[in-house]
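Dear colleague,

Please find the structure below, handed over for your work. My findings follow directly after it.

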Amino acid sequence: MTLVNNRWQDGRKTLVVGAGKSGIAAARALARLGASVTLCDTKTLEDLPCRKELEAAGITLYGGGYPSIRENGFREVVMSPGVPLTTPPAQEAQEQGVTVTGELEIAYLLSQAPFIAVTGTNGKTTTTSLVGAILQEAGWAPLVGGNIGQPLVEEVEELAGDRWVVAEVSSFQLETTDQFHPRASLILNITPDHLDRHGAMENYRAIKARIFRNQGGDGDITVLNYDDPLVRTLAEECRGRILFFSRREKLEQGAYVDEGMIRFAGPQGDLSVVAIDDLQIKGAHNVENALAACAATVGLGIEPAVAAKAMIAFQPVEHRMEPAGTVAGVDYVNDSKGTNPDASIKAIESYNKPVILIAGGKNKGSDFAELAQIIKQRVKAVVLVGQAAPILERALRQAGVDRITGVRDFADTVPAAAAMAEPGDVVLLSPACASLDMFPNYEVRGQVFKDLVRQMETKAGRQQSR
């Protein structure tokens, strides 16, 4: 979509709430467009590394709280994804009839290139990256971003209309969309997550459904997981062309598995795409991610052979079932992005060998009962850390799991797991929790895990060389 009317060009007073990566990017973009921008945060802004640059761009900084919407005459409030809509500026703006929006919406309005948007509780990063890889192989020159990488608002203005944006989209970002209209939208799954913010599954489902609410034009497609009962019900609300994907059922329209092959059924017939065994991303959940990417890209007109070539070459994304090293015959796997119980269940179920699980962190209102049952059935031992450790331990004890080791610091997790591991085992970091009690994000947590494994590898190498 081309920005027909720049509503910010005449100094529109705009408050950006949250001085994280997304908020800073939105503030910069709006200032370039001509808005009078104030960037606020509950934390002090004096320590912002780019403070001078922001002030030089004409952005007013406000730290230690929120300025009044009415008293300052703000005509628009831009919420960072990590800041809930229950905070005072969002509430006051809604009461005053002031526009509340977000960085994703602004990026969409600025972009001439069409969007492919990917959401779901789990699998977003892998699927988004895989869709981008397929588009790259097809010569469609995609920009991949959104909830991963750089905020889109920093880059979309430079894109020509013949390019594509592939966006990982979270529920936090979808909350503040209005005109957002992707050409293709993908909903991978909906399982309990972020209920500390969204309150109930009905609310969470409704927010995810915002991804396709403006679809319905020629060429629009909505890709849904047929195997997820909650996602399947969304088909009743879609106005675009629906393509399902399924790991369990043969489909008349969409991507499915048959005798170890991913196939696509569409107007050109029922086509063989790629063998599951040829994929470098492993596990049932990654088959689903590949199916979703196949449905979207082949559904948009990319040749199956082109999609297959990209899918075969695609490597696991960082922090999602990422091999981190092997020490003394034990494999270490970084699944730091597994921030909810369902993600951790899928990770555990990917292995047919003994697993020692490292879990814990900040609970997001999750119920750990189902995870505890899977751990009882398939996990050799558990190392717990972080704020949620007592809650997790209680669920595990109730399920009959007794081989549990609690540690105070994250630095102790890998040594504790290694002490229980034997050759042929897997030590899996899949926390089922957010990282914010100990780290600024899951990426830092995953990097620390990899560093700890690397330290063990180095130590083991020195011992062997003696």
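Helices α11 and α12 cross in a right-handed manner. In this predicted model, α11 covers residues 284–299 and α12 residues 304–313, and the two pack at an angle of about 145° with their axes 10 Å apart. On the α11 side the contact involves A290, C294, T297 and V298, which meet P304, A307 and M311 of α12. Of the residues in this contact, 6 are nonpolar, 1 is polar and none is charged.

The sheet is open and consists of 5 strands in the order β3-β2-β1-β4-β5, with parallel pairing. Its edges are β3 (60–63) and β5 (99–102), each of which pairs on one side only. From one strand to the next, the twist averages 25°. Strand β4 (residues 76–79) is joined to β5 by 4 bridges, and V77 has V100 in β5 as its bridge partner. Helix α1 lies across β1 (13–17), β2 and β4, and runs at about 170° to β2.

Leaving aside residues up to four places away in sequence, L152 touches E103, L104, A107, F115, L143, G145, G146, V165 and A167.

Yours sincerely

How values were computed: Residues numbered from 1 in each chain as written. Predicted model: local features only at pLDDT ≥ 70, side-chain atom pairs only at ≥ 80, totals over all residues. Heavy atoms only, no water. Axes fitted to C-alpha atoms, helices over the stretch in contact; angles between N-to-C directions. Left-handed = near helix turned anticlockwise from the far one by under 90°. Contact = heavy atoms within 4.5 Å. Nonpolar A, V, L, I, M, F, W, Y, C, P; charged D, E, K, R; others polar. Pairing = 2+ DSSP bridges.
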